[in-house]
Every structure is written in C-alpha cells, then in structure tokens.
Protein chains: 2
Amino acid sequence: MADFDVRILGCGSALPTTRHMATSQVINLRDKLYMIDCGEGTQVQMRQMRIKFNRLNHIFISHLHGDHCFGLPGLISTFGMLGRNAALHIHAPKEIDQYLLPIFEMFNRGLSFEVCIHHVDTTKHALIMEDRSLQVYSIPLNHRVPACGFLFAEKQKEAHLIKEMADFYQIPVKFLRSIKQGADYITPEGEVIPNNRLTRPPEAAKRYAFCSDTAYHPSIVPFVSGVDLLYHEATFLEEDAGRARETFHTTATQAAEIARQAKVKKLVIGHFSARYDNDRRHKEEADKVFPGTILANEGMVLPL
Amino acid sequence: MADFDVRILGCGSALPTTRHMATSQVINLRDKLYMIDCGEGTQVQMRQMRIKFNRLNHIFISHLHGDHCFGLPGLISTFGMLGRNAALHIHAPKEIDQYLLPIFEMFNRGLSFEVCIHHVDTTKHALIMEDRSLQVYSIPLNHRVPACGFLFAEKQKEAHLIKEMADFYQIPVKFLRSIKQGADYITPEGEVIPNNRLTRPPEAAKRYAFCSDTAYHPSIVPFVSGVDLLYHEATFLEEDAGRARETFHTTATQAAEIARQAKVKKLVIGHFSARYDNDRRHKEEADKVFPGTILANEGMVLPL
C-alpha cells in the first residue's frame, strides 16, 4: 500500500448509471483516511472496497448538490451503529447546516460521537484543515451553487537518519528528533557535525488537488500548479461545450487544458455525464491536450 | 413477465454489508410499479435491475428509520432530472414531513412534478390507496418508532368472455364489458343467457403482504391470513431472541410462526442482520416451522 493514495468510490455525475456511482473519494495518507464528497451509496462502496470506517475522521464536501452529499446521513448513522467514539469533522460550505441539522435532529439523537461541522468559505483559497502530516486548502470553483475544490498538501517529511553516523558519534536518543528535522549535532567536545552528514533527505512532499464541480475556470491554475495528481471534472465532451457552459461543468478538453496550463504531473478525469455510453471519447479528447490522462473508475486506487 | 410480482432491491438491515442493500422492494402489477421503502442506493438498484423509473407513481414507506428512507432524496432528484411530469405519491407515517420537507426546500425547488405526501396512520388497519387494479391496506406493526406493513390486494379481475358464445349470440360490443363483469345477456327476443354460459371465471385475485420492521406481533395474523406471499422480517436467529426483543425485531422462527398461523401460501424472509455471515441458518430455522421458506436476496423476482 502506498503512503499516499486516492481511492475512487464514485465518479459519475448527477444521474445514476449502471457504470458509475455518485461522487466520493477517499484519500489515504499513511493509513489516515480523508473523504471528499459523499454521494448516495458511498458507505456501500466503502464496504466493497474494504476501506476501514474507523480510520476516517474528516469529510470534505465540495458543494451541496445531492450527488455529492446524499450519502452523509447513512454514513453517519452507520458510524453511530458501529459505536464510534472519535469526533467526525465535516468541512463544507455553510449550506450544510440547512441540510444536515434537521436530519441529525430526527435520526441521530444520542449519537455516540460528536459531529463537528466546519464551514468552508468557497470564495477563498485558504488553509481549512491541518494535522501532523497534512494541510488541506480550499480552491474556489465556479458552479451553480457555492462550490470549492480541495488541495491536499502533504507536509514535508522528516529526513532519514543515517544510523551508522548516529552510532559513530554516539548521539543520545533525545537529539535524534531535532536532527531528523534539520538540526546539526554538537558533540560533548563542542564539535559541530553538520546535518547533511547525519541524514539523507526525505522524499518530496506530495500534493493532490480535487476540482469538481466547476465550469472551465482557469483562475484555479495557480492553486493546482505542479501538483502530483489533479482530479478534474470532465462531465461533457467538447461537442457538448454549450451544455457544459449552461450547467457550469467542464469538457474533457477543458479539463486537460487546466492540467496543461498548471503543469500537473498526472491528470485523472471524472464526473462523467450519464448521456455517454462509455468514457473512451473523454480520454481521446483529453489526451490530445494532456497525454496520458487517466479515466477515473469505481474501485480505482491512484498512488501519488 | 408475471402479471403480479415482487422484486427485491434490498433486504439487509441497518448496517450495510457487501451482501445486502438497505430495504426496498418494487411490486409490479400489470406493468404498474409500486415501491415499498427506499433505503440508500435504491435508485442504483433500480438501474441495475432495469426497473423503469416512469412506471413508478406510488412509494410506501413503512417507518422513518434511515435504512428504509435515505434513498428518497436521491430518487426524487433523479425523477426531476429525468423530466418527470406525473405526480409522485408518497404514503408514509406523518414523521415523513420533518424529514423530506426541509430537503425539498433545499434541493428540489422548481421540481417538474408534484410530490403528494399521504400520511398513513400506523395504528390502524385501513385502506390507504386504491386504483383500478389494486387496494393497499396498512398493517399496524410493533417497532421502536411508528411503523406499519402493507397489504397489496389485487382487485378481482374481469371474467374471460367465451368468444364462440359471443359470436353465436351476436352480442353487440357495447354489452361485452358488463358481461365480463358478471351480467347476463338478454337477446333482442328477450331470452336470458346466463353469465356462466358466456364467460369463464377470472384468475383469483392475489394478495401480497410486507411486514418489516416489527417485533414478533401475532396480532397481524388476521390481516395477512391466507395471502399468496408474505414478506416478513427475520433480522435475527432464535439464539439472539433477546436482542430481537430489545430492538423490536423478529427471529426467523417467529417470522415462520406468523406465516404458519396465518396459513399464507408462501413466506419470504429478509432484513437480515449484518452480524451473520450468511442467511443459511435463517432458512433452516424458518423451514422447521414453515417448510419451503424463501430467503430474500437482491435482484430476486417473486411471481405471485
């Protein structure tokens, strides 16, 4: 299992099909799980993909359309039945209150855990969550209702200690943490051993960006510039660009254009409209602008 | 395709498993569809089972627990996106308002069709819906929240006209309808041709009863007496009868006991708890009391 991966639970759009489920993804960063969106059926997909419910403490909701949030009541009820204790944090546009609070009132009285709702200002690119290993930023999008994407930025990891050097200088354990974080070591005799003789540099910190739902919106480019993986919606084909514009969605060509401008390392497209029988043409279109575009699919695990 | 059948979309209980979906069934009576309960994922199951969305005009909700109603918002939104015009009738305990009205307000403004909510008094056995071919009655159940089952009683069909006799007497077309409904024919000469010489009796009208969720509740026996098919919940095995009592659910043995007392023609059990790895023992248990008990399963079609 990779250190950092993205699991696609659903990558369809609003209308259900036999091929695609409503939007949901789970980001796994060193066995801690973070969910983006929670369409109807998400908890069933978690079971199917054997994703551990108790590793999930944060859910990020991009916008309050049903295909991105109608799975929340069921998932929260299930957490309750499983006897969850840990707080569940939901980061979402403020409209979430109007949706969830009446449901909590009716279905989730006496829940065994706390649900903490954090309002996200969808008009700003801002840090919205931080823990030991991760920072999550909002990315303002352009949709029919307030909507934002999310940038998952892994924090710089600690350097690797060169064990032989630590042994050679007989460095006491209490100094190891600071050395892994970049400090030099000063011997009892006052000799300074520079950090680069004691450590090997850590792997580069990685970044994942999720952008759905949105009209073609090049102003996001600076926020997703150079990310290791970009998920961008590609609801329509270019032949339906008019419909994309009307409904504030993106075509496969436009999604690839964003990826190209932002010089991302990899692009995965999803949120495919039910009007197409398969997603092959989405890939053909996107590949012309951003070769090697990946088509999202249910059950897919994308290592960063 | 049978004239009258029951399709199992989901027959699990509250916790999702990889084997069973949350409760939902569709009753097909001469190509008109009626839904009972609408757990999360119901609309996806409809797609999988190729059940036509536009044939469904009535949804019956047994009680307001999430595993019986969390699929409603998604299904209603999908009807809207499909451009539905026909009114959708939802028959449910009055608590449905508290659940659905805020969701309509937020997600379903300007819906292309009318949603008519009909409150069902779960304390009474009463006629709650009637159309040309069907009567639906409520069946009071005993659960932690107001809950009722539903009896689907097909109306007596018309008799079959014996074409040779109609030709022999040269009966004008305008009389045929009343003859099929039981009238005698009086010839222009005043001769009375008794109905039983003109028609063959129709097939017997059939009845289906759905009882879930409920504690063992023998007072339902008169309401389901002699039905062609009874679906009864059997959440637990008899070894967990204590847990069944505490949670107002039924064991497989108890479900079979209801079927035996009511002398139903066939019994199908469902709403299986996630605690069991398979449903084999439910069948073994029920078969001892009511031989030939059927285990519900997703995708099953039960002709009456």
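In this predicted model, helices α4(A) and α4(B) lie roughly antiparallel to each other, and the reason is simply their crossing angle. The two axes come within 10 Å and cross at roughly 180°, and since anything over 145 degrees counts as roughly antiparallel, the label follows. On the chain A side, the helix in question spans residues 96–107. The residues that make this contact are Gln98(A), Tyr99(A), Pro102(A) and Met106(A) from α4(A), met by Gln98(B), Tyr99(B), Pro102(B) and Met106(B) from α4(B). Sorted by class, the helix pair brings together six nonpolar and two polar residues, with no charged ones.

Zooming out to the whole interface, 25 residues of chain B are in contact with 25 residues of chain A. On the chain B side, the elements that supply two or more residues are α1 (42–48), α3 (72–81) and α4 (96–107). That side of chain B counts twelve nonpolar, eleven polar and two charged residues. As for confidence, the model scores ipTM 0.90 and pTM 0.92. Chain A averages a pLDDT of 95, and 99% of the residues score at least 70.

Taken by itself, chain A holds eleven helices and 18 strands. Along the principal axes, its C-alpha atoms fill a box of roughly 75 × 55 × 35 Å. Of the 304 residues in chain A, 44% are buried. Among contacts in chain A with a separation of 6 or more, 64% come from residues 24 or more positions apart.

One of the sheets in chain A is open and has seven strands, in the order β6-β5-β4-β3-β2-β1-β18, with mixed pairing. The edges belong to β6 (115–119) and β18 (301–303); each has a single partner strand, so one side of each is left without a neighbour in the sheet. From one strand to the next, the twist averages 20°.

Helix α3(A), residues 72–81, is mostly covered, with eight of its ten residues buried. The buried stretch takes in Leu72(A), Pro73(A), Gly74(A), Leu75(A), Ile76(A), Ser77(A), Thr78(A) and Phe79(A). Just after α3(A) comes Gly83(A), which takes a positive phi of about 75°.

Another open sheet in chain A also has seven strands and mixed pairing, this time in the order β7-β8-β9-β14-β15-β16-β17. Here β7 (127–130) and β17 (294–295) stand at the edges, and each has a single partner strand, so one side of each lacks a neighbour in the sheet. Helix α10(A), residues 252–262, packs on this sheet, where it touches β15 (229–233) and β16 (267–270). The direction of α10(A) makes about 150° with that of β15(A).

The pairing can be followed strand by strand. Strands β8(A) (residues 134–140) and β9(A) (residues 148–154) run antiparallel and are joined by seven bridges, with Val136(A) partnered by Phe152(A) of β9(A). Next along, β9(A) and β14(A) are antiparallel too, this time with four bridges. In that pairing, Phe150(A) stands opposite Phe210(A) of β14(A).

How many of the residues in strand β14(A) are buried? The count is five of five for this strand, which covers residues 207–211. Both faces are covered, with Arg207(A), Ala209(A) and Cys211(A) buried on one side and Tyr208(A) and Phe210(A) buried on the other.

The C-alpha atoms of Pro222(A) and Leu151(A) are separated by 12 Å, although the two residues are 71 apart along the chain.

Technical notes
Residues numbered from 1 in each chain as written. Chains lettered and ligands numbered in written order. Predicted model: local features only at pLDDT ≥ 70, side-chain atom pairs only at ≥ 80, totals over all residues. Contact = placed C-beta atoms within 7 Å. Nonpolar A, V, L, I, M, F, W, Y, C, P; charged D, E, K, R; others polar. Axes fitted to C-alpha atoms, helices over the stretch in contact; angles between N-to-C directions. Parallel < 35°, antiparallel > 145°, perpendicular 65-115°, else oblique. pLDDT = per-residue confidence, 0-100. Pairing = 2+ DSSP bridges. Buried ≥ 20, exposed ≤ 12 C-beta atoms within 10 Å, placed from the backbone.
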